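Hi,

Here is the structure I said I would pass along.

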Amino acid sequence: MTSVREHLEASLNDPAFREEWEAQEVEREVIGSIVEARLAAGLSQKELAERCGMRASNLCRLENGNGNPSVATLAKIARGLGKRLRISFV
């Protein structure tokens, strides 16, 4: 049975797949940051959504990569986590 990591590594050999994967790097980082901060705070999606004044289904979509949150939405999520949003260009 092939692991997810092995499948990804094999898929990255395809130039078209690699290009799309790299193009989505920022989105994966944002999603990972949200999920990591939520888990570190010991919050469920429902709890964080309530703190942010949004529907749990909307937060779920964002965490699953099926949404494109605005800066205002990211700021609401940060406040719901008791944090500040910082965006930087590196």
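**Notes on the model**

Arg38 is buried, since its relative accessible area is 9% and the cut-off for buried is under 20%. Before I go on, keep in mind that this is a predicted model.

Where does Arg38 sit? The residue is part of helix H3, which covers residues 25-40. And what does the side chain of Arg38 make a polar contact with? Its partner is the side chain of Glu63, at 2.7 Å. Glu63 also turns up among the residues that Arg38 touches once those up to four places away in sequence are left out; the others are Leu43, Ser44, Gln45, Leu48, Leu59 and Leu81.

Stepping back to the whole chain, you'll find six helices and zero strands. Read from the N terminus, that gives α-α-α-α-α-α. The radius of gyration is 15 Å, well over the 12 Å that the globule rule gives for 90 residues, so the protein is more spread out than a compact globule. If you'd like a box for it, the C-alpha atoms fill roughly 40 × 35 × 20 Å along the principal axes.

A few more overall values. Of the 90 residues, 22% count as buried. The accessible surface is about 7,000 Å², and carbon and sulfur atoms hold 52% of that. As for contacts with a separation of 6 or more, 40% of them come from residues 24 or more positions apart. On the charge side, there are 13 positive and 13 negative charges, and their mean positions lie 13 Å apart.

Ala78 belongs to helix H6. Why does Ala78 count as buried? Its relative accessible area is 8%, and the limit is under 20%. Setting aside residues up to four places away in sequence, Ala78 touches Lys83, Arg84 and Leu85.

Pro69 is in the loop that links helix H5 (56-63) and helix H6 (71-80). Is Pro69 buried, exposed or partly exposed? With a relative accessible area of 25%, Pro69 is partly exposed, because that class lies between the 20% and 50% limits. Its contacts, leaving out neighbours within four places in sequence, are with Leu62 and Leu74. Pro69 and Ala49 are 20 residues apart in sequence, and their C-alpha atoms are 14 Å apart in space.

Last one: Gly42, in the loop between H3 and helix H4 (45-52). Gly42 counts as exposed because its relative accessibility is 57%, and exposed means over 50%. Gly42 and Ile31 are eleven residues apart along the chain, and 17 Å separates their C-alpha atoms.

Cheers

Conventions. Residues numbered from 1 in each chain as written. Predicted model: local features only at pLDDT ≥ 70, side-chain atom pairs only at ≥ 80, totals over all residues. Heavy atoms only, no water. Helix = DSSP H or I, 4+ residues; strand = E, 2+ residues; numbered from the N terminus. Buried < 20%, exposed > 50% of the residue type's maximum accessible area, 1.4 Å probe, protein only. Polar contact = N/O pair within 3.5 Å; in protein donor to acceptor, adjacent residues only side chain to side chain. Contact = heavy atoms within 4.5 Å. Rg over C-alpha atoms; globule rule 2.2 N^0.38 Å. Areas by Shrake-Rupley, 256 points an atom, 1.4 Å probe, with all protein chains shown as cover. Lys, Arg positive; Asp, Glu negative; His and termini not counted. Charge placed at Lys NZ, Arg CZ, Asp CG, Glu CD.
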